[in-house]
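Work through the exercises below with the sequence and the model side by side. Try each task before reading its solution.

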Amino acid sequence: MLTFAMQAAFLLFSIALLLNVWRLVKGPSTPDRILALDTIYINSLALLLLLGIWHSSTFYFEAALLIAMLGFIGTVVAAKFLLRGDIIE
């Protein structure tokens, strides 16, 4: 049963990742593209966590932590750029 749940989660997160990439390419505005990038890193984070559980390895959890930190910083920088037009004050 756990194997089926893991496979279903992999499939659903992969579909969500593909839909986010589609929104990134097609997005009508810049905020839509930034939101797509934000959800792309969240879905890739979830896929890495699932891989870590599947392989029982802590390496994937460390990589997911790194992606989470960089993704948060990237989202903050992109939002600041949209609001002010520059990143560094």
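**Exercise 1.** Against which helix do the buried residues of α1 pack?

*Solution.* Start with the ground rules. This is a predicted model: local features need pLDDT of at least 70, side-chain atom pairs count only at pLDDT 80 or more, and totals for chains, interfaces and linings use all residues. Residues are numbered from 1 along each chain as its sequence is written, and side-chain values use heavy atoms, with hydrogens and water left out.

Helices are DSSP runs of H or I with at least four residues, strands are E runs of at least two, and both are numbered from the N terminus. Buried means under 20% relative accessible area, exposed over 50%, and partly exposed in between, with a 1.4 Å probe and protein chains only. Contact means heavy atoms within 4.5 Å.

Now list the residues. Met6, Ala9, Phe10 and Asn20 are buried in α1. The buried residues of α1 pack against α2.

**Exercise 2.** Examine Asn20: state its helix, its burial and its contacts.

*Solution.* Asn20 sits in helix α1, residues 2–26. Its relative accessible area is 14%, so Asn20 is buried. Leaving aside residues up to four places away in sequence, Asn20 touches Ala36, Thr39, Ile40 and Asn43.

**Exercise 3.** Describe how α2 and α3 are arranged, and what their contact is made of.

*Solution.* Two packed helices are described by the angle between their axes and the distance between the axes. Axes here are lines fitted to C-alpha atoms, for helices over the stretch in contact, and angles run from 0 to 180 degrees between N-to-C directions. The axes of α2 (residues 30–55) and α3 (residues 59–84) come within 9 Å and cross at roughly 175 degrees. That makes α2 roughly antiparallel to α3 (angles under 35 degrees count as roughly parallel, over 145 as roughly antiparallel, 65 to 115 as roughly perpendicular, the rest as oblique).

By class, the contact of α2 with α3 has 17 nonpolar, 6 polar and 1 charged residues. Ala, Val, Leu, Ile, Met, Phe, Trp, Tyr, Cys and Pro count as nonpolar; Asp, Glu, Lys and Arg as charged; the others, Gly among them, as polar.

**Exercise 4.** Where does UniProt place the feature "transmembrane region"?

*Solution.* The unreviewed UniProt entry gives residues 6–22, 34–54 and 60–83. Positions use the numbering here, feature names are shortened, and annotations may be inferred rather than shown by experiment. Residues 34–54 are 100% helix and 0% strand, with end C-alpha atoms 30 Å apart. Residues 60–83 are also 100% helix and 0% strand, with ends 34 Å apart.
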